[in-house]
Amino acid sequence: MKTSPKITVGKGSCGIAAGASEIFEILSNTIANHAPDVFTPSVSAVGCIGMCYLEPIVNVDDKTFIKVDQKGAGEILKLIKGEENHAENYEIRREDLEILSAQTRVALQNCGIINPEDIREYIEKDGYTAARKCVLEMSPEDIIAEIKTSGLSGRGGAGFPTWFKWQAARNASAGNSVSPERKAKKYIICNADEGDPGAFMDRAILEGDPHAMLEGMLIAARAIGSDEGIIYVRAEYPLAIIRLEKAIVQAREKNFLGENIFGSDFNFNLRIKAGAGAFVCGEETALIASLEGQRGMPRLKPPFPAQEGYRKMPSNINNVETYANVPWIIRNGGSKFAAMGTENSKGTKVFALTGKIKKGGLAEVPMGKTINDVVFGVGGGIQGDRKLKAVQMGGPSGGCIPAELGNTQIDYRTLAQTGAIMGSGGMVVMDDTTCMVDMARFFLDFTCKESCGKCVHCRIGTRRMSEILERICGGEGRDGDIELLEELAENIKQGSLCALGQTAPNPVLTTLRYFRNEYEDHITGRKCTALQCKALLSYNIEPKACVGCTLCAKKCPAGAITGAVKVPHKIIHDKCVKCGECVNVCKFNAVAIN
Amino acid sequence: MNEIKITINGRELIGLEAQTILEIAQNNNIEIPTLCHDKRIEIYGACGICAVEAEGSPKLLRACAVHASDGMVIRTDTERVLQNRKTVLELLLSDHEGDCLPPCTLACPAETDCQGYAALVAKGEYGKAAELVMEKIPLPASIGRVCPHPCETACRRQLVEEPVSLASLKRFIGDYNIGRTAPCAPQIEQESGKHIAIIGGGPGGLSAAYYLRLKGHTVTIYEAESRMGGMLRYGIPEYRLPDSILQKEIDIIQNTGIIFRNNVRIGQDTSLEELRQNHDAVIVAAGAWSDSKLRCPGEELDGVTGGIKFLYEAATGKIKPETFKGLKIAVVGGGNTAMDVCRTAVRLGAEKVYNIYRRTRNEMPAEEIEITEAEEEGVIFKNLTNPIEISAGKAPADRPLTIRLQIMELGEPDSSGRRAPVPVSGKEETIEVDMVISAIGQKLNPKGFEELSMTKWGTLIADGQTFQTNFSNVFAIGDATNDGADIAVSAIGEARKAAEAVNKFLYGQDVNPSPKRLVKTEKTAEDFNDREKLPRHKTPCRNPNERRKDSLEINSSFTAGQAEKEASRCLACGCLDFYDCKLIKYANQFDANPVKYGVSAHNRSDVKNKETLPNITQTPEKCILCGLCVRLCEEEVGEGVLGFVGRGFGTVVMPAGISDVCRDCGKCAEICPTGALMKAYQ
């Protein structure tokens, strides 16, 4: 008799977007209707394994099937039933598996492997043993010492030593600024307001392994002496919220949350607060204001949240990935974590690979790997085997690192020297078709729109920078615009109150540092060498290549192309709207853009 | 609380542990600007203008928010700090729309606060209005009568119907001032012991003397004529500006303690050099008293004279009334002087007065009202004609004189933008007259001023900002300088600015004026389409047949009722908060350029369409989002009537739908650093 195979379907947001729900339905319904007496395979949903470019992904025991469509699901069913099948057509290629083998998984260890909606699967992976140890065997000081040994630093962006924050919150007197009607207490807050465009590692953890994060919070609560936690998660992550809610309910049933946890006198309760999607609410003081029902605007520090946070009480705020590392560190020891990485940056870091990369998805690597290791080793290189131009690290607050600095080690200090930052780990990969001015414009536009409006520098300064970039890309750049950008950038960095403003000019400053010539080309040469800025492009038909098929003239929405059958066509520039349709339809490559 | 020592700009100061850097600085009279901080409410730290440098801190620190600690070393005067202040202001100004000053004030060469005096007249406060006008124009009754009022040309009331009668209001104020028992007597500063000579007792010289006297200096005016007043007395005819009115205003100026020395002509009775030696500074305000040449054959003839000379002779009685009875007079020129000459000739009994002008009426530089009134008085306009020869028959004394006139037409626009007159070949006309008066321009009589550098047009070269000549202690203003003759109020404006420069010069300071930073905005009729149309009040003018027979003033002043009604037509389109506005104060202090980043203010139209606060005027386009009103209302007043709406660049402040709970305490308006919230104008 056959043993029942274990079948999993990747149902993270990426998988669902690729059609995983349908595949899951097909597989589970068919299997449920199948004669259950023969064998009883189980189909379970798991989170994202990180190979987003291969979704939907189905695993049957140790076999991985990718890009599974309806037909593929049928083949996989045949395979399960032992019938003749062509499931091998869907099997993952060896080189794609390298994306996993090149990684070291700590925060993502269970993602894509366990069913996040079933606490038993997490427990099977030694889940909550770290929390048990912390509650029953370790003193808060021991816990903080262990975290200190690990060298873990905040994964949300700033990279501040986690133990230090915990220590500060532990040492803060809860009675400090407490109004008489409120009980003195401390708070543990999880920042799950992942907002950088192109960053989705926190979502993957929340959707794929929520208990790891909950356990991390529990340990932090024990360390600082808190009995209440709040997860501030953006409302744009509905699946994460559902899975978190389920995880909290299940953890409560198991008494990992609630009163007298593990039979001790330690109590800890958790609740979820959905944020309404303001990028600035990822800034901790703005996050606290939002939790309190105020306008999400940062305030000056000090006092730091560890001294005066939520409801003016000591609060520890870490992000999802930071907390998710904690159980591993307790289970395996801080020194094992510290053994990975570089001198100033310990452990691993999850990166979200997007852009012109072949294997887009999540990659967790030890600190100290180079950018090239990640882009070419894990990510498989550039789409279409084009040339790597630069990598934007750290989202809109980060900066670009040019291809020639591809051997830069990924750690907090080295990245900072390039003008970029680690940030939350977003890595947008750009090839030679990316216009760096346009890229800077995109990010500036983002931060400008996400500015809370409090500080003058950020509110108006980013707007003015954005306008200047807009006009440079629009072919109306002026002499002195580069200097104006630099002046504004420096002043905004200096004068803004929170990190959003202080880092907003980074994309401009780094592109100016590494790609100044592109700015000059736009302004003085009135050309965009990457052929991206429409206002600077001109479309022309090469008379020798044009056979006069008339197709482009027919398709041109602006009626800007003249010519007759078998006569080379011509583009009237005054009428051309630069939509590129002629390029798309021409079968003879006769339309040149310059 | 523990005492701490901190150092600010090298000064060791004692503060308390819980105090912010700003508090300690303020307690020790060290100015740190702030736009969003107030002691009554919680620290906010939004504007960032208070940022200072602290030793050991790579970042600038917000002085309003950072608590001082023992041993802190702060600097508030480094380049980084000043650059930050400038940037904050330039960014705020790029999102701030309004008019610091109304267009009337900006158009006035003397920068008169027209909006201010209109408001005071509307409230019946004529005395205060007189004081206000005298700050810029010490001869309001005279100037109110003769000024071609660039203020009215710029007045935005035209976007509703017609400009406010600002000149007539000024005349009303001036008349009120000279009519009362105790006219405006400004405070004179302590005697400085400095002595200044003014050459010329016209509007420029009198004004310069007045403003320098107010500073406590000893001032002597040296005037060639027997009486003060210059062109106001000897160039403007009695029917426009009665001698008695002018004299009363000159008396007020003299009563401040200015020494008048009449009948002293430079280059004859004394010399510029002598005055230079004997005074701490000299202002040359000699005017332009020589008529320009006609440059046509026959102009040397006996019956041909110049307009300035003619008006002088008429004013001094050298030409007796009725002298021109039965005579035909030709006046050449299209400016205000030509009109004065024509109309004076009419009053001297001339049978016919021709005005000869080579372009059309549209191009005439004279005021439209002057032309119209001259026409009403019977002046015959011969436009598009140009004298090419004047002849006298066989003997030079033979009359009539014959003027050959070339017929002209308009060609292409010239450098002045006006269409140039071109002769129509072969077309001529002759007229016969008894006298030709040419009023085509006037120049400085250079005699006595040879020491001073001159332009190629024979005017004195004076610096456009400081009015200094080639001698650092000699300043020059008015018709005698640079571009030559201009309207009286220009000379008055230059006089006040030159007085400021002289005052600085006397104390060894930089004579250059500090640049004035102002916010300006374009307005259209649409911006005022909520205003009721109200007719413009004009000062009544006497019947032409009556007025042409005498030299009495042709029109009368407003009654108090008319003046108040007319004054209340003022749109008050200049910012009412200008003199209290912290934004523009700092912009000037830190030399922030309001248009460095262009001006593209965010849309605040939502605020205007929503409910308003009682007794508060909201001008949302001036809001700089400092949040003081919002926070004060919530924290200090305890109501939270105002709130932020929207995010980022588009944020606006507006009543949060509960303006009925507003207690009408007005604190929001008081704390607003700009004119965005103001107590409603009563």
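Author: Two residues are in contact if their C-beta atoms, placed from the backbone, lie within 7 Å. By that rule, the contact between the two chains takes 25 residues from chain B and 20 residues from chain A. Helix H2 (residues 79–93) of chain B gives the largest share of the side of chain B that touches chain A, namely six residues. By class, this side of chain B has 13 nonpolar, eight polar and four charged residues. Here Ala, Val, Leu, Ile, Met, Phe, Trp, Tyr, Cys and Pro count as nonpolar, Asp, Glu, Lys and Arg as charged, and the others, Gly among them, as polar. Helices (H or I, at least four residues) and strands (E, at least two) are DSSP runs, numbered from the N terminus.

The model is predicted: local features need pLDDT of at least 70, side-chain atom pairs count only at pLDDT 80 or more, and totals for chains, interfaces and linings use all residues. Residues are numbered from 1 along each chain as its sequence is written, while chains are lettered from A and ligands numbered from 1 in the order in which they are written.

Within chain B, the part to look at is a pair of helices. Two packed helices are described by the angle between their axes and the distance between the axes. Helix H5 (residues 126–134) of chain B and helix H8 (residues 166–179) of chain B pack at an angle of about 105°, with their axes 9 Å apart. Axes are lines fitted to C-alpha atoms, for helices over the stretch in contact, and angles run from 0 to 180 degrees between N-to-C directions. H5(B) and H8(B) are therefore roughly perpendicular to each other (under 35 degrees is roughly parallel, over 145 roughly antiparallel, 65 to 115 roughly perpendicular and the rest oblique).

From H5(B), Tyr126(B), Ala129(B), Ala130(B) and Val133(B) meet Lys170(B), Ile173(B), Tyr176(B) and Asn177(B) of H8(B). The residues of this contact divide into six nonpolar, one polar and one charged.

For the setting, the domain assignment of chain B includes domain 2 (103–184 + 521–567) and domain 4 (291–442); such bounds come from an automatic or database domain assignment. The C-alpha centres of domain 2 of chain B and domain 4 of chain B lie 32 Å apart. Their contact takes five residues from domain 2 of chain B and six residues from domain 4 of chain B. On the domain 2 side of chain B, the touching residues divide into two nonpolar, one polar and two charged.
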